[in-house]
Amino acid sequence: MPIKVSASILSADFGDLLKDARQAIEAGCDMLHMDVMDGHFVPNISFGAPVIASLKGKVNVPLDTHLMIENAEKYIPDFVKAGSTYILFHAEAIENPQSTIHLIKQDGCRAGMVLNPTTSEEVLKPFMKDLDYILFMSVWPGFSGQSFIPDVVPKIARFSKWCREEGLFPEIAVDGGMNAKTAPLVVEAGATLLVAGNAVFKAPNRLEAVEALKSAGKGR
């Protein structure tokens, strides 16, 4: 199965965001990942719906919006309107995941759920039939450039096995410390999508960087 790459624009040049986004796509990235931070759920502030809206209709790949915010359900209509294809919320930040999933889908988007490094994959099971995208954080959310946490690999493997047994095929994504060395570990465990920021935008040759990530799936 071919491995997809979603380029995290948090590592892009915001002074020339559209150019950077298009270059990442030309290099082979399949999606653009939008890290939305509020300074409360995570100790950093990034950007909101207007930045996503600035790319709407100007790029030809899905936009996966990762809400690292409190009260995410309050803002979901804004991120739908901005042009998100997927809207991802943290299991740790939402009291009623089923209601949030319904809100995302009723507005025409695909729903995803995110797990922090120490959150058990078991929390996903009650909602799996309604989820299109699962994101395993392999770093702590809030800052780019962190080192990969290997303890997430067994979680991905257990979850992937369970999905196969149940006949479910969501995108299984991993975000944090992705590079040519760590990507094969999570792909072998069952990941289908790699979220990468610095590994794409800071690479001397973006085409080679994306190809190196995608090559983790060869022979799988």
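I started with I25, which sits in helix α1; helices here are DSSP runs of H or I with at least four residues, strands are E runs of at least two, and both are numbered from the N terminus. This is a predicted model, so I kept in mind that local features need pLDDT of at least 70, that side-chain atom pairs count only at pLDDT 80 or more, and that totals for chains, interfaces and linings use all residues. Residues are numbered from 1 along each chain as its sequence is written, and side-chain values use heavy atoms, with hydrogens and water left out.

Buried or exposed? I25 is buried, at a relative accessible area of 16% (buried is under 20%, exposed over 50%, partly exposed in between, with a 1.4 Å probe and protein chains only). I looked up what I25 touches, leaving aside neighbours within four places in sequence: L32, V59, N60 and V61 (contact means heavy atoms within 4.5 Å). I also checked I25 against V5: they are 20 residues apart in sequence and 9.6 Å apart in space, C-alpha to C-alpha.

**The barrel**

Next I traced the sheet. Eight strands form a closed barrel in the order β1-β2-β3-β4-β5-β6-β7-β8, with parallel pairing (two strands pair if DSSP finds at least two bridges between them). On average, neighbouring strands of this sheet are turned by 25 degrees against each other, direction ignored (axes are lines fitted to C-alpha atoms, for helices over the stretch in contact, and angles run from 0 to 180 degrees between N-to-C directions).

**Strand β3**

Which residues of β3 are buried on each side? With six of its six residues (63-68) buried, β3 is largely enclosed by the rest of the structure.

Then I did the partners. β2 (residues 31-37) runs parallel to β3, joined by six bridges, and L32 stands opposite L63. From β2 the chain passes through helix α2 (residues 49-55) to β3, in a right-handed β-α-β crossover (right-handed: with the strands pointing away from the viewer, the path from the first strand over the helix to the second runs clockwise).

On to β4 (residues 86-90): four bridges pair it with β3, again parallel. D64 has Y86 as its bridge partner there. β3, helix α3 (residues 72-82) and β4 also make a right-handed β-α-β unit.

**Helix α4**

For α4 (residues 97-106) I listed the buried residues: P97, T100, I101, L103 and I104. They cover an arc of only 160 degrees around the axis, so they lie on the same side of α4 (the arc is that of the directions from the helix axis to the C-beta atoms). What do they pack against? The buried residues of α4 pack against α3, β4 and β5 (110-115). Just after α4, I noted G108 with a positive phi of about 95 degrees.

**β5, β6 and α5**

β5 and β6 (residues 133-137) run parallel, joined by four bridges, and V114 has L135 in β6 as its bridge partner. Helix α5 (residues 152-166) packs on the sheet, touching β6 and β7 (171-175), and its direction makes about 160 degrees with that of β6.

**S11**

Last stop: S11, in the loop between β1 (4-8) and α1 (17-26). S11 counts as buried, at 4% relative accessibility. The side chains of S11 and N198 are joined by a polar contact of 2.9 Å (a pair of N or O atoms within 3.5 Å; within protein, one must be able to donate a hydrogen and the other to accept it, and residues adjacent in sequence count only if both atoms are side-chain atoms).
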